[in-house]
Amino acid sequence: MQGAIMKPRISMITLGVSDLPRSVVFYEQGLGLPRMDSPTEVAFFTLNGTWLGLYGREALAEDASVSGESSGFAGFSLAHNVGSEPEVDHVMAQAESAGAVVTKPAQKTEWGGYARYFADPDGYLWEIAHNPLFWVGPSDEPA
């Protein structure tokens, strides 16, 4: 499509959370994500190539003009790829010690990798994966 305005990137992922202080502790202290200065009603974390935002679930639904009611699977997961199988286990141990719930234990995948899943305090799914075939996402190396 010529002249497309939308660029191939995600600038920020915002999660609607039920308890903002609890989620901030989970992501900042538990997972060690770097938190930015932000207003008290929202929290922003810098990631490699994007931002993670945490905002009250009802306020986020209102901002998007949709109902805040939901239950069960949200229909998506977030992924964090690492460089080795032991790194998958290490990140999962860190997440578990921060209060994450393991939803799928570590295992070899049908595509040749190694992965596990956990749920954050609001049930958002994170896949922690090692793909030995190619790197997924921006490089961890400084530019």
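User: Buried means under 20% relative accessible area, exposed means over 50%, and partly exposed lies in between. In this predicted model, does Glu85 count as buried, partly exposed or exposed?

Analyst: The relative accessibility of Glu85 is 27%. The cut-off for buried is under 20% and that for exposed is over 50%.

User: How far apart are the closest N and O atoms in the salt bridge of Lys108 with Glu85?

Analyst: Lys108 supplies the nitrogen and Glu85 the carboxyl oxygen. A salt bridge needs these atoms within 4 Å. In this pair the closest N and O atoms are separated by 2.5 Å.

User: How many residues apart are Lys108 and Glu85, and in which elements do they lie?

Analyst: The pair links distant parts of the chain, 23 residues apart. Lys108 is in strand β5 (residues 101-108), while Glu85 is in helix α3 (residues 85-97).

User: Is Lys108 buried or exposed?

Analyst: The relative accessible area of Lys108 is 56%. The cut-off for exposed is over 50%, so Lys108 is exposed.

User: Which helix holds Asp89, the partner of Arg116?

Analyst: The side chains of Asp89 and Arg116 meet in a salt bridge, with 3.5 Å from N to O. This pair also links distant parts of the chain, 27 residues apart. Arg116 is in strand β6 (residues 114-119), and Asp89 is in helix α3.

User: Which residues are joined with Asp89 into one network of salt bridges?

Analyst: Asp89 is partly exposed because its relative accessible area is 30%, whereas Arg116 counts as buried at 13%. Salt bridges that share partners join Asp89 into one network with Glu96 and Arg116.

User: How many salt bridges does the structure hold?

Analyst: One of them is formed by Glu28 with Arg35, the closest N and O atoms being 3.9 Å apart. Glu28 counts as partly exposed at 30% relative accessibility, and Arg35 is partly exposed at 37%. For the structure, the number of salt bridges is five.

User: Which residues have the most contacts inside the largest nonpolar core?

Analyst: This core has 23 residues. Each of β1 (12-17), α1 (20-30), β2 (42-46), β3 (51-56), β4, α3, β6 and β7 supplies at least two of its residues. The residues with the most contacts inside the core are Leu15, Tyr27, Leu54 and Phe118.

User: With which residues is Phe118 in contact, leaving aside its neighbours within four places in sequence?

Analyst: Phe118 is among the residues with the most contacts inside the largest nonpolar core. With neighbours within four places in sequence left aside, its contacts are Phe26, Leu31, Met92, Ala95, Ala100, Val101, Val102, Thr103, Tyr124, Leu125, Trp126 and Ile128.

User: Which residue has its backbone nitrogen 2.8 Å from a polar atom of the side chain of Asn131?

Analyst: Asn131 is found in the segment after β7 (125-130), and counts as buried because its relative accessibility is 12%. Leaving aside neighbours within four places in sequence, Asn131 is in contact with Asn81, Val82, Trp111 and Val136. A polar atom of its side chain lies 3.4 Å from the backbone nitrogen of Phe134. At 2.8 Å, the backbone nitrogen belongs to Leu133.

User: What distance separates the C-alpha atoms of Glu69 and Glu127?

Analyst: Glu69 lies in the loop between α2 (57-63) and β4 (78-82). Glu69 is exposed because its relative accessible area is 67%. Glu69 and Glu127 are 58 residues apart along the chain, and their C-alpha atoms are separated by 24 Å.

Note on methods. Residues are numbered from 1 along each chain as its sequence is written. This is a predicted model: local features need pLDDT of at least 70, side-chain atom pairs count only at pLDDT 80 or more; totals for chains, interfaces and linings use all residues. Side-chain values use heavy atoms; hydrogens and water are left out. Helices (H or I, at least four residues) and strands (E, at least two) are DSSP runs, numbered from the N terminus. Buried means under 20% relative accessible area, exposed over 50%, partly exposed in between (1.4 Å probe, protein chains only). A polar contact is a pair of N or O atoms within 3.5 Å; within protein, one must be able to donate a hydrogen and the other to accept it, and residues adjacent in sequence count only if both atoms are side-chain atoms. Contact means heavy atoms within 4.5 Å. A nonpolar core is a set of buried Ala, Val, Leu, Ile, Met, Phe, Trp, Tyr and Cys residues joined through side-chain atoms within 4.5 Å.
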